[in-house]
Protein chains: 2
Amino acid sequence: MVARGLLTFKTNPSIASTGVTAGPLEKKSPFVSLFDKMYDEEQSGAGTNEQGHAKMMEDACMIALSKVDSVPEDADFLLIGDLVNQMTPSNFCAATVGIPYMGMFSACATSVSTLITAALLTDSGFSKIAIAGAGSQHNAVERQFRYPIEYGSQKPETSQWTVTAVGVAAVTPNKKGMPSIVCATIGSVVDLGMTDPLNMGAAMAPAAADTLQRHLDGHGTKITDYDCIMTGDLGKTGFELYKTLASNNGIDVTENFRDAGEEFYGEDPSFFAGASGAGCSSTVYFSEIYAKMLQGEYKRVLLIATGALLSPLSFQQGDTIPCIAHAVELTMK
Amino acid sequence: MVARGLLTFKTNPSIASTGVTAGPLEKKSPFVSLFDKMYDEEQSGAGTNEQGHAKMMEDACMIALSKVDSVPEDADFLLIGDLVNQMTPSNFCAATVGIPYMGMFSACATSVSTLITAALLTDSGFSKIAIAGAGSQHNAVERQFRYPIEYGSQKPETSQWTVTAVGVAAVTPNKKGMPSIVCATIGSVVDLGMTDPLNMGAAMAPAAADTLQRHLDGHGTKITDYDCIMTGDLGKTGFELYKTLASNNGIDVTENFRDAGEEFYGEDPSFFAGASGAGCSSTVYFSEIYAKMLQGEYKRVLLIATGALLSPLSFQQGDTIPCIAHAVELTMK
């Protein structure tokens, strides 16, 4: 039976390795010991923010490949995305690594839409190694969406801080003892009329709650089946709202609920409501969650990456913020 | 055997219907009689160019669905993209139609990357109806990439005119007597150092030639197997260069080579080297080519959509123009 937006993989493709790179401020993250490479400055030594962003992506791809003793020529597909206009950093990364490339854009939910597509290509037998992931760079993104960085414009407590980080996964046919991709749910856009880009967590929370419900109903699972249900980058404000919405839907919200954006910078108030950016969920999923699965602490997890599909222009034109969330389920067997 | 970036579908999903919408200037296209809906003004009656662009996409989706007696609730996946920053029109279209949505970005090659992904989901048994396609709107795109429209800035002969048009396909499991999707090739980025955004055809030509060669080699086919090999939007300048490059590769360039951008506005010199934009290849493929297949004139075609993965920022920063081309092969059986 076909159910809208649902996928159940036949062969459970594995995440054979991951690659995580991050900027200097991200050294403050409680997950930093799990990141593969840190840069001492925001532009990763490149000439522009965007080129630095591309460099971070290239490095993450190379790291993930090297962990499976591979080079770009061994990889069949590259599925990545970012938040910069026309996905400039992803495009230049693709040019450098030279892997057949499909760009994907679901804002900060791109970490999961790319992982699902990589699993789909692998499940169909078309891919031995597919690199999937997403990233963001604070300066490149914030100057598009908010104000010139140099303004130092005051932000409200609900605002989130775009991370400088990239997370990618090397997806392969099923490998015993590695985290594997079981099933997934593609999100529908949810737009409840929110218009404040400095409170994107609240805008995205209903999309996360919607996708959680659709995943549970569609795949016939329940909350207690999972050791962890981690949303993308709702941040402190959005995460609370999401838990309330899930609770209102009759879901028993437990301590197994986590949010990458809420946790990324710990309790440091400099980052307001927490982290956001396409590099937020991808890096936490591909470091913290991946490590906990390898260690056997998490046997089954549900990852729900959230994305605010606004643009600076749509905001300026007074439009609402359409939001989306994609879910993917991983197991250790 | 897995070969990099190549897909061969097991079930040959069909394009059960198409939906094509276009703006007022596009009435000059020789293909106009095959378009489903034309608007008398650029914004399709909406308040902004971007909202008009979204409206055109929604209408195209509804038209394609209506031709298979379906409504959005019947569709399993929506795979679309456009050229506006953060794909604003696609996101708002997805919000309106409410179909589970993955945004995809390969610039003007998005028409084919979405079609391939729809075929993949269908081939895997996850989709009964998937809507795939891409679009562009002249004013929304040109004001991003070039100059304010009102300037009336003089363009060189090599420049191309972004079409106001959307083309989508409703992809279903194989239906006898309908154009069906046999195999595909995902492009690798080709960047030969071109930097002129007013000559994108020349920048994209090498990517098209590369993907053509990879498709022929990878799938073991030859030029004479196809009734038509249509590139995306190389335009008059890029199309000539592409044919030269293919010829240099030992390929016998025949009259079966066509280019959507070269033909879209006929011989009208107002459009310089011809059409471009994500709506160019998608509308020509899903009207002219689709019709010729249904009529039996074309039994086997190869569609190679091309995309220039630049952004206004990467151009201003002096970067080159990375280009890509994705290929998909259709047959009538």
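Reader: What makes the link between the side chains of Ser180(B) and Ser14(B) a polar contact?

Author: The model is a predicted one, in which local features need pLDDT of at least 70 and side-chain atom pairs count only at pLDDT 80 or more, while totals for chains, interfaces and linings use all residues. Residues are numbered from 1 along each chain as its sequence is written, chains are lettered from A and ligands numbered from 1 in the order in which they are written, and side-chain values use heavy atoms, with hydrogens and water left out. A polar contact is a pair of N or O atoms within 3.5 Å, where within protein one must be able to donate a hydrogen and the other to accept it, and where residues adjacent in sequence count only if both atoms are side-chain atoms. The side chains of Ser180(B) and Ser14(B) are joined at 2.8 Å, so the name polar contact applies. The side chain of Ser180(B) also reaches the backbone oxygen of Met178(B), at 3.0 Å.

Reader: Why is Ser180(B) called buried?

Author: Buried means under 20% relative accessible area, exposed means over 50%, and partly exposed lies in between (1.4 Å probe, protein chains only). Ser180(B) has a relative accessible area of 5%, and therefore it is called buried. Ser180(B) lies in strand β9 (residues 180-185) of chain B, a strand (E) being a DSSP run of at least two residues and a helix (H or I) one of at least four, numbered from the N terminus. If residues up to four places away in sequence are not counted, Ser180(B) touches, among others, Asn12(B), Pro13(B) and Glu329(B), where contact means heavy atoms within 4.5 Å.

Reader: Why does Gln86(A) count as buried?

Author: Gln86(A) has 4% relative accessibility, and therefore it counts as buried. Gln86(A) is found in the loop between β4 (77-81) and α2 (88-97) of chain A, and it has a positive phi of about 55 degrees although it is not a glycine.

Reader: How are α5(B) and α6(B) packed, and which way does one pass the other?

Author: Helix α5 (residues 200-219) and helix α6 (residues 235-248) of chain B pack at an angle of about 35 degrees, with their axes 8 Å apart. The contact is made by residues including Ala205(B) and Leu212(B) of α5(B) and Tyr242(B) and Leu245(B) of α6(B). α5(B) passes α6(B) in a right-handed crossing. The axes are lines fitted to C-alpha atoms, for helices over the stretch in contact, with angles running from 0 to 180 degrees between N-to-C directions, and a crossing is right-handed if the near helix is turned clockwise from the far one by less than a right angle, left-handed if anticlockwise.

Reader: What is known about Leu212(B) and the largest nonpolar core?

Author: A nonpolar core is a set of buried Ala, Val, Leu, Ile, Met, Phe, Trp, Tyr and Cys residues joined through side-chain atoms within 4.5 Å. Of the 226 residues in the largest nonpolar core, Leu212(A), Tyr242(A), Leu212(B) and Tyr242(B) touch the most other members. Leaving out residues up to four places away in sequence, Leu212(B) touches residues including Ile223(B), Tyr242(B) and Phe257(B).
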